[in-house]
Amino acid sequence: MEITNSTQVARMKEEKIARNAWGSLLSNQMQFTEQFDVVVVGAGHAGCEAAMAAARMGLKTALYTLNVDLIAQMSCNPAIGGIAKGHLVREVDALGGIMGEITDAVGIQFRLLNTSRGPAVWSPRAQCDKQAYRLKMREVLESQPNLKIKQAEVADLILEAASGFRLPASGELNAPDSEPGSQTPAAENRKPEAPHAGSRVVGIKLRDGRTVRASAVIITTGTFLNGLIHCGEQQYPAGRSGEPNAVLLGEALKKLGLRGCRLKTGTPPRLDGRTIDWSRFAEQPGDADPTPFSFRTRRVAHHDSQVPCYIAYTTPETHRIIRENVHRSPMYSGQIQSIGPRYCPSIEDKIVKFPDKEMHQLFLEPEGLNTHEIYVNGMSTSLPVDVQLEILKSIPGLENAEMLRPGYAIEYDSIDPTELERTLETRKISGLFLGGQINGTSGYEEAACQGLMAGINAALQVKQQPPLILDRTEAYTAILIDDLISKGTNEPYRMFTSRAEFRLHLRIDNADRRLTPHGRRVGLISDQAWEDFEAKQERLQEVKKFLESTRLTPATLETIVNFHTLCHPERSEAKPNAVEGPAVLPGSAWGSATGQTLAQLLKRPEVTVEQLAPILQGLIPDFFNRSKNPAPSGDSAVKLSSQVRNELKSVETEIKYEGYLLQQERAMDRLKKSEQHSIPDWFDYSSISGLSREMQEKLTHVRPRTIGQASRIPGVTPAAVSLVNVYIEIQTRRRDQATAI
Ligand SMILES: Cc1cc2nc3c(=O)[nH]c(=O)nc-3n(C[C@H](O)[C@H](O)[C@H](O)COP(=O)(O)OP(=O)(O)OC[C@H]3O[C@@H](n4cnc5c(N)ncnc54)[C@H](O)[C@@H]3O)c2cc1C
């Protein structure tokens with residue numbers, strides 16, 4: 001790089017300021033007390049996945065957190081999964097993450113949701129023993145070679161300026177503008193409010209003064225950055241109830257010039273289960289044969305010892321109490337200005353926003369097997385404690401309930417995710433990755449998938465290997481990241497299946513087919529797991545081919561009809577909705593199927609793969625005779641273990657929805673094409689005539705990497721996208737001509 005006067009001046013200015021401010025810290029002979037390849041800040045749901053991934057990819061990794069006894073603490077509901085969140089957990093597992101296996105080990109109730117609807121929205125959910133979840137996560141992390149867990153508060157980042165000098169994130173430096181071309185493209189686009197753009201993170205500084213060197217740093221600090229708890233008129237700094245907030249790091253990140261926003265979330269009160277009159281509530285049990293989260297789990301640990309949840313409802317008295325006190329809620333008194341999760345409204349929000357609704361459903365969920373603590377799902381609130389107690393008394397069965405912990409709301413700093421690349425690296429500071437709630441999402445599952453992707457990409461960067469970038473046709477995880485970096489978010493972002501363009505392709509049953517090969521490439525899928533994965537894909541292919549090539553004969557027909565008539569004489573005549581389970585076609589209806597392939601038969605909406613199981617078991621016994629785990633007893637249908645049943649259902653879906661899937665594949669190819677059309681780093685939107693100033697600002701703010709991403713920025717019109725398309729060629733040509741001279 002050629003050194004000119006002004007650059008010299010800039011460097012000397014930097015040195016002088018820095019030397020004053022930081023003495024020895026700045027000399028590039030800085031002494032680090034420890035050295036790692038990857039440092040992860042925060043052992044929450046994002047941090048645990050990030051640290052595990054980097055360590056399993058062979059890198060020397062350290063995980064710093066405020067309290068090692070609260071690793072993977074479930075700050076809010078004692079549950080993993082649910083609508084679309086279950087999809088994310090399956091994807092984390094398919095890529096080689098650990099949330100799924102841990103949930104299968106400590107889950108105390110499992111339910112597969114939405115099974116009355118199409119397979120695209122089936123989603124697993126599990127109640128977890130919170131304490132057991134923490135202990136299991138710690139056990140897994142501690143048993144991982146290359147991974148060190150450390151209790152300490154990270155107070156600052158140590159950066160290396162493009163000029164090679166080191167400076168703390170919180171140390172201000174006003175470098176004069178330097179020569180064009182002498183800096184990285186990011187620097188060229190550097191705005192005055194981005195003092196450190198083009199810098200590289202080279203370590204962290206702990207509150208106790210230690211400095212730790214790292215080639216990549218991943219920040220996953222959840223709700224802790226400048227966290228502020230609100231409970232009625234009371235407010236006090238905290239990261240969550242009972243834990244300190246992180247102010248120093250919050251301020252240091254602000255000084256990095258990363259755009260930020262202030263968000264809010266809330267949690268409900270916890271009750272003492274011994275003071276609840278359970279007879280007043282409807283029981284909600286788990287599934288008889290739970291579906292595991294992990295593709296590597298054969299049988300969930302508490303298969304035969306699940307605990308129920310209970311369903312409660314608010315009353316008109318509850319609504320009256322809330323209406324009369326809503327002015328004391330920080331959300332309505334103006335005490336809280338920031339925005340909360342629209343999809344996880346507080347109870348006061350529900351009463352105000354749905355005044356006509358007579359009652360709101362609540363779920364009483366156990367927090368664990370070794371505690372009487374009960375989580376009141378649906379009653380998140382920041383109303384004063386006295387009002388919360390009145391509300392509880394107004395609900396039949398909770399009149400005498402004792403509150404163990406009050407509900408509260410928390411405001412916290414998060415970073416505007418349009419500051420990030422698809423790898424979750426910050427655009428302005430290389431080597432700095434962000435994951436989880438800090439990026440504006442809400443939920444353990446949303447945090448875990450980001451943590452995993454940040455961990456993988458930080459590790460790949462340190463290993464100088466190409467990044468892992470998934471696209472919207474492959475995973476909800478990619479949709480989450482793309483939505484965040486393209487659209488940003490002004491409220492906590494929660495995943496929904498409706499966010500996916502191709503949700504029939506992004507089902508829970510095929511997450512491994514979509515993602516496990518990626519996990520294998522980056523080194524997160526063990527040989528055994530890979531072998532099992534390949535064997536399963538082969539099995540599924542064989543069964544599909546078998547169904548597509550085997551025709552129904554009178555003999556097999558008789559087997560099916562006799563079997564079902566035998567098992568369910570009451571169902572021999574099709575009486576829809578009369579009794580549970582699939583109707584059994586009367587013999588006559590099957591008659592017309594003779595000669596058809598089993599796949600053609602399966603395409604009939606009223607036919608399910610379970611109905612064909614009696615003949616399949618005889619025809620392809622190997623597919624069935626492999627489960628060490630007997631199917632649940634008492635059910636007279638063909639005994640299918642959850643593993644066999646889920647694999648059969650996966651094949652059934654591929655056959656039943658073949659037409660839709662093909663249609664979607666064509667649309668996916670179109671999207672992939674637009675994703676491959678990249679937009680150069682240096683592209684200048686301000687020189688596109690015909691592009692409105694508003695569009696120029698939107699595109700310059702986000703700086704999309706592809707035409708596809710540009711098309712998803714809110715407010716960017718298709719017309720604007722095609723203009724950009726045309727000008728990419730024009731500007732590239734002009735640029736080539738300019739450099740050719
Ligand atoms: C009160 C409350 C209510 C919530 N309600 C909901 C809800 O209703 N629905 C929902 O989906 N999600 C809710 N959540 C969010 C859910 O808990 C988070 O989405 C999830 O935990 C985020 O995971 P994370 O890994 O990003 O951060 P967290 O799980 O918050 O973990 C952050 C970790 O970072 C550590 N840390 C922070 N600062 C530092 C530092 N400077 N140095 C070292 N370590 C540090 C902390 O010790 C902690 O271990 C709620 C959270 C809270 C606190």
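Buried means under 20% relative accessible area, exposed over 50%, and partly exposed in between (1.4 Å probe, protein chains only). The model is predicted: local features need pLDDT of at least 70, side-chain atom pairs count only at pLDDT 80 or more, and totals for chains, interfaces and linings use all residues. Side-chain values use heavy atoms, without hydrogens and water.

**Salt bridges**

The structure holds 52 salt bridges. Each is a side-chain nitrogen of Lys or Arg within 4 Å of a carboxyl oxygen of Asp or Glu.

| Pair | Closest N and O atoms |
|---|---|
| Asp 272 and Arg 274 | 2.8 Å |
| Glu 399 and Arg 280 | 3.9 Å |
| Arg 693 and Glu 697 | 3.8 Å |

Asp 272 is buried, at 9% relative accessibility. Arg 274 is exposed, at 59%. Glu 399 and Arg 280 link distant parts of the chain, 119 residues apart. Glu 399 is partly exposed, at 31%; Arg 280 is partly exposed too, at 46%. Arg 693 is exposed, at 60%, and Glu 697 partly exposed, at 47%. A network of salt bridges links Arg 422, Arg 472, Asp 482, Asp 483, Lys 487, Glu 501 and Arg 712.

**Nonpolar cores**

A nonpolar core is a set of buried Ala, Val, Leu, Ile, Met, Phe, Trp, Tyr and Cys residues joined through side-chain atoms within 4.5 Å. The largest has 101 residues. Val 39, Leu 157 and Val 217 are among those with the most contacts inside it. Beyond its neighbours within four places in sequence, Val 217 is in contact (heavy atoms within 4.5 Å) with residues including Val 39, Leu 157 and Phe 433. Apart from this core lies another, of 27 residues, among them Leu 540 and Phe 624.

Note on methods: Residues numbered from 1 in each chain as written. Helix = DSSP H or I, 4+ residues; strand = E, 2+ residues; numbered from the N terminus.
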